[in-house]
Amino acid sequence: MVKDPEGVKLCLVVDDSRVVRKVARRILEDLGFGVAEAADGAEGLAWARTAMPDVVLLDWHMPVMNGMEFLRRLRAEPGGQAPKVVFCSVESDLDRIREALDEGANEYIMKPFDGDIVASKLMLAGCL
Amino acid sequence: MTPQDRALVAELSAERAGLKVDPEKVYLLENRLGPVARREGFASVHDFVCAVRDRDEERLIWAAVEAMSPGETAFFRDPQVFGKIVAEVLPELARRREGGTVRIWCAACGTGQEVYSLAMALEETPPAGVAVEMFASDLSERRLEKAQAGVYSQFEVQRGLSAHRLVRHFEGLEDGFVLSPRLRQMVRWRRVNLMEDLSRLGRFDLILCRNPMGQLTDEARPRLLANLQGALAPGGWLVLGPGDQAPGLNPASDHPAFFSAAVARAAA
């Protein structure tokens, strides 16, 4: 993933569902983002080490490395405090959402989502 | 729906609530009246409108009119509006009313997201030295009931509301989220038809009326503006929807939705 010279913001979508990644990509591209995809936290972290994204749309439950572990490791990376991280999960329990925010997530989307919700949350996170 | 059905609904909407309803918009009419017809036990929208026509019952007439009134709203819709209210308007009103009460009215509050957004902002940044009275009204009893309950779906709490505010101000339910009783108790509710005499409501320091202006007939629009201006305390602020104007009030230089009443009028 190479940062766009024209200043297009890059969003890394980390989700083990190909369908979710595809839907998210379409929404994000419509909003003007460049998009990269990873199928789990470990793959996502490898992406981030190559080129730190501006935004991460992050699933919680994934094989290999889940979203919380990814977030902790991302924040410990050089430059890893910079990306806005928006969790995007089926978890809708407020205690779990609080846990994600306490861990350093900037925003939280409860699945299922649509374009309006993604736009609203990215705006609240200061990404739009 | 027959053309006669659509014409009747448009006529009643204009007559009772000043609402501009285009009888040619078949889909819109069917879409809004369908749930009402089902709720009232009719097999079709046509049957429902026939009953509205034949029975001449106020309850049925209002069910049709309320369905045609706009209720679109979201938490913190247009964040700049809330930013200006909290950072500038409320501190100014608090200085003027020091030791007293600032009265706020959300007219046409829909299902309550706007007034609760204000309640959240007030709880997070309370204006110093004044009590705040919040009042919200809508034409639709059903929307007011939902607003008072403070229960919102997963979809609704994700439009405009930050996750930080969600966990701070809401509790989870099996199917949705409920606003904390503390915030719900900050607001008093009443059904109000903005076309009627509003003098019984008293005067307000801040009035938000952000939905209906473009949805009104040409005759109803000036009446609404006159009613709202009449309900505005001297030096008070009126916040309208995008593109709406309030001749007779002073537009704010930094935001097109804000209009202030002359302070000097208080002494007159």
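User: B:Phe75 and B:Tyr152: buried or exposed?
Analyst: B:Phe75 is buried, and B:Tyr152 is too. Buried is under 20% relative accessible area, exposed over 50%, partly exposed in between (1.4 Å probe, protein chains only). Keep in mind this is a predicted model: local features need pLDDT of at least 70 and side-chain atom pairs 80 or more, while totals for chains, interfaces and linings use all residues. Residues count from 1 along each chain as written, chains are lettered from A and ligands numbered from 1 in written order, and side-chain values use heavy atoms, without hydrogens or water.

User: What aromatic pair does B:Tyr116 form?
Analyst: B:Tyr116 pairs edge-to-face with B:Tyr152, at 6.5 Å centre to centre and 85° between the planes. Pairing takes ring centres within 6.5 Å (six-membered ring for Trp); planes under 30 degrees apart are stacked, over 60 edge-to-face, the rest tilted. B:Tyr116 is in helix H6 (residues 113-124) of chain B and B:Tyr152 in strand E3 of chain B, so the pair links parts of the chain 36 residues apart. Those are DSSP runs numbered from the N terminus: helices (H or I) of at least four residues, strands (E) of at least two. B:Tyr116 is buried as well.

User: How many aromatic pairs over all chains?
Analyst: Twelve. One of them is B:Phe75 with B:Tyr152, where the centres are 5.1 Å apart and the planes at 75°, so that's edge-to-face. B:Phe75 sits in the loop between helix H4 (58-68) and helix H5 (79-96) of chain B, so its contact with B:Tyr152 ties together parts 77 residues apart in sequence.

User: Which residues form one aromatic cluster?
Analyst: B:Phe75, B:Tyr116 and B:Tyr152, together with B:Phe170 and B:Trp189.

User: New topic: what sits over the ring of B:Phe258?
Analyst: The charged end of B:Lys84, 5.2 Å from the ring centre. The test is NZ of Lys or CZ of Arg within 6 Å of the centre and within 35 degrees of the ring normal. B:Arg103 also lies over a ring face, that of B:Phe204, at 4.3 Å from the centre.

User: OK, backbone. Which peptide bond is cis?
Analyst: A:Lys111 to A:Pro112, with omega near 0°. A:Pro112 is in the loop between strand E5 (107-110) and helix H5 (115-124) of chain A.

User: And what's phi of B:Asp56?
Analyst: Near 55°, a positive value in a non-glycine residue. B:Asp56 is in the loop between helix H3 (45-55) and H4 of chain B, and at 58% relative accessible area it is exposed. B:Ala108 isn't a glycine either, yet has a positive phi of about 55°.

User: Where does B:Ala108 lie?
Analyst: In the loop between strand E1 (101-106) and H6 of chain B. B:Ala108 has 22% relative accessibility, so it counts as partly exposed.
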